[in-house]
Amino acid sequence: MSKQRTRAYKARIDKALATPRLQDTLHRFADAYLISRENAFAGHDFAALRAGIAAMKDEVRDNREEYLAQFTRNAEAAGAKVYLARTAAEANAYIVSLARQRGVKLVVKSKSMASEEIHLNHALEEAGVKALETDLGEWIIQLAGQRPSHMVMPAIHMVKEEVAELFSKVTGQVEPAEIPHLVQVAREQLRQGYLDAGMGISGANIAVAETGGIALITNEGNARLVTTLPKIHVALVGIEKLVPTLEDAQKVIDVLPKNATGQLITSYVSWIRGAVPCGDGSKELHIVLLDNGRSALAESPHCKDALRCIKCGACANVCPVYQTVGGHVFGHIYISAIGIILTAFFHGLENAAELVRACIGCRACVAVCPSGIDLESIILHLREVLGEEEGVGAGKALVFKHIMRNRALFHTMIRTASLLQKPVTRGERTIRHLPLFFAGLTEWRSLPAIADKPLRDQWAGIVQKVEKPRYQVAFFAGCLNDFVYPELGHDLVKVLNHLGVAVSFPQEQNCCGVPALYSGDRETATVLAEQNVAALLAGNPDFVVTTCPTCTMALQRDFVDLLRDHPRWAAQAERLSAITIDISRFIVEKCAGGQALAGRAATEKVTYHDSCHLKRGAGVWREPRQLLAASGRELVEMAHADRCCGFGGSYSFTSHPDIARHILGDKVADIEKSGASCVAMDCPGCLMQIRGGLDKQGKSVRAAHTIQLLAEMIGKG
Amino acid sequence: MTGAFVAALEKVGGVAVNCDTPKHLVGYLAENAPGAVVLPPCPSLQRLDLARHLRAAGVDVIDDDFRRHAPMATAGLTGVNFAIAATGTIVLESTAEPIRLASTLPPIHFALLDPRKIVADSAVAGPLLRRMHARLAQTFLAYITGPSRTADIERVLTIGVHGPKELHVLLCEGVSDDFMES
Ligand code: SF4
């Protein structure tokens, strides 16, 4: 079953990747989105708005029984009938039987993701009731027999020519592929539907407990017709849409359009409460409150924040994976990062199994989410759950459990691998194939060789030139720095010594555990966390410095989380977290901004690539730029500097190499366009990816770690 | 405040028209409404006796049997409860169905607003919203910001999909200073 599932999924990826038009559309949209979003939030405090939404939504989640009761009471007092559907089947059954009882033949619908979620149209059609989508995008999708590929713009994957073809079939004449014309066709074709329909079905963006009313945030005007003309109005509302008061509702309205489409407000916000007048009488209003997994989500300690989601779709807009393959691959019904989580709870973990691994972990979504949801952490957790259920893959499991946990064995194997790789080493430092658990996927990027002698074995020979050190720091190298780029360790010592800092290399340090953790093997990650905490604190250093931001996040965040319930380790993990700091920030904050590094004016033009985990994990992006500028480089910004390079550890090796390759292609193009002769970054993983991509494409731009560029200036000028 | 409102309204594709006198107003409507105009019972319209004046000016006015006639009308004319300057939004309490029909079905929506009823932003609008909810057991309140729009085909912004293609806000001082009426 799962093999078949995986095969079908891979086929969908291949198909999407073979559609350059899709990537082009989504990339252009993403660029335009970022600009309009920025304009919309100009003069507003996004962080404060976000905190307001998160707190309000948490309050509702934690007291949802009371708010549900309050909403129901008020809605019923205003003449609505409220039904709480525990499952999709219950919701469908209620709506279908209502339509049957009232003899409804035609239903007009305005946009509702909840109705997509429960496959309501299908249920209606089965009962002989025609469901007509009236939102333009939804109608297009309905005509095409597809599902939405975006929560806000359902037909974003289609071009006007395809739409014209679909509309031509409806009208029976050739409709030109001109957008204003097509929009007019939709207006004319759908108009009669509102007048004929016996029932209108809408969703709701907000349900206000204190009034018992709902609010709809829309642009096209179809929802106003759907809720006005037919005699019966059914509003299908996920219970997470509840807010306590009108002021809370306003908080959502103040943020949603800005974050969704960069509009200050949509054309329409409709506040509807109760059985409003309709023709000669009054409207028959039914509010179907949908649970369908939401209570389970509210109860999940790791995932519950996802219930804050206001369905703005922004997490898709900024996602490099979404931009590469679209929502028909990276989504089930709900798409992108939030889609992974909602799918797991609304449609079952089985349906989320592939998607959970499709996230590259770049945290772009986390930065843009107006509800403050740490989507990446929740996805990682789901990956762990899935790892427990489906296993993490036999080969990987073996490596994680039996090799990585045994540091001596693990490191011996890497050393051996360095000998074994000799025959396939191309030139001095680049190989065709990486042994061990890295698959041989090198046709689109060159990969570096494992060093003859890892940093740990070279360390004793590195002479430290520092008299009275102002700090004593321990260096956590991480696997790549240790075994692939040992020279960065030399650079680090050179720079830190120059700044009056002595560096030690605790030999007992092991892999940070991220490869295991991100593959869903929490147990191995925990063992590695213990080993590292012990190793790094042993010498009682002032700080632990890192050159890899993924390791930084492991030391600062994951170890604390992994060891929280281990009485022996919890406090020590906290301590390690508190003294861990990436090298650029360390120099800026602890070594007087690295003034001692200021070099002569160099001619080199450098552009900077923000590593995902450094910028959005550690919040560091100004510091390396400051250091590079101080070292005399001319800094030029590339477009999308903080967009993921597509490395993602095993993501680019084994799980989704084809997607990773496309994302790398975008990065290389941006680097080249910047006109810089050097691209700097603060991550050996990004370095491996970007250097490999530049090399493979024969570009003359060199890729370097910031610490290397700083080391180059010492002794010069 | 009026200036800020007009600027925001124009940004979203709405039209603002200064109508100093009721006469001016009738003239503008007669000139810009190419066919029948739906006139729901809004106090500010009634105060100016607009149905009579428009008819006198030769405009085909629909003021009853709205469900039957509104789908064929070319314009709807409503009052406005109040407006929000920051976003160029008009707020229209449209619980009475004719007001909804007039502002959703025809291709043009004319909205008569007394500029004294423009407030700064959504924060100021909050208490007004609350008052409206307190007055009526059932409510249909509409925030309307510009004409109807879509970007569902290739993300190209296109005006006038299912709702009005044009929104004209007619600014006329003296017609109403009551935020609870339109
Ligand atoms: S998770 Fe956040 S960014 Fe994504 S749709 Fe929900 S609110 Fe928007």
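This is a predicted model: local features need pLDDT of at least 70, side-chain atom pairs count only at pLDDT 80 or more; totals for chains, interfaces and linings use all residues.
Two residues are in contact when heavy atoms of theirs lie within 4.5 Å.

**Stop 1**

Select A:Lys231 and show its surroundings. Leaving out residues up to four places away in sequence, A:Lys231 touches A:Gly198, A:Cys278, A:Ser282, A:Lys283 and A:Glu284. Where does A:Lys231 sit? Look in the loop between α11 (222–226) and β7 (232–238) of chain A. A:Lys231 has a relative accessible area of 44%, so it counts as partly exposed.

**Stop 2: the ligand**

Next, click on the ligand and select what surrounds it. Which residues come nearest? They are A:Cys309, A:Cys312, A:Gly313, A:Cys315 and A:Cys369, out of 14 residues around the ligand.

**Stop 3: the domains**

Zoom out and colour chain A by its domain assignment. Domain 1 takes in 3–10 + 295–390, domain 2 is 41–292, and domain 3 is 594–713. The C-alpha centres of domain 1 of chain A and domain 3 of chain A are 28 Å apart. Their contact involves 17 residues from domain 1 of chain A and 15 residues from domain 3 of chain A.

How much area do domain 1 and domain 3 of chain A bury between them? The figure is about 1200 Å², with 64% of it on carbon and sulfur atoms. On the domain 1 side, pick out A:Thr324, A:Ile360 and A:Cys362: these lose the most area to domain 3 of chain A, together 39% of what that side buries.

**Stop 4: two positive phi angles**

Jump to A:Asn540, in the loop between α26 (522–537) and β18 (543–546) of chain A. Its phi is near 50 degrees, a positive value in a residue other than glycine. Is A:Asn540 buried or exposed? It is exposed, because its relative accessible area is 55%.

Then go to A:His640, in the loop between β21 (634–635) and α32 (650–655) of chain A. Phi is positive here too, near 55 degrees, and again the residue is not glycine. A:His640 is partly exposed, with a relative accessible area of 29%.

**Last stop: confidence**

Finally, colour by pLDDT. Chain A averages 91, and 93% of the residues score at least 70. Over residues 422–441 of chain A, though, the pLDDT is below 50; this stretch has 54 contacts in the model beyond near neighbours in sequence.

Terms used:
Residues are numbered from 1 along each chain as its sequence is written. Chains are lettered from A and ligands numbered from 1 in the order in which they are written. Side-chain values use heavy atoms; hydrogens and water are left out. pLDDT is the predictor's confidence in each residue, from 0 to 100. A residue is near a molecule or strand if one of its heavy atoms lies within 4 Å of it. Helices (H or I, at least four residues) and strands (E, at least two) are DSSP runs, numbered from the N terminus. Buried means under 20% relative accessible area, exposed over 50%, partly exposed in between (1.4 Å probe, protein chains only). Domain bounds come from an automatic or database domain assignment. Buried area is the accessible area (1.4 Å probe) that two parts lose on being put together, summed over both.
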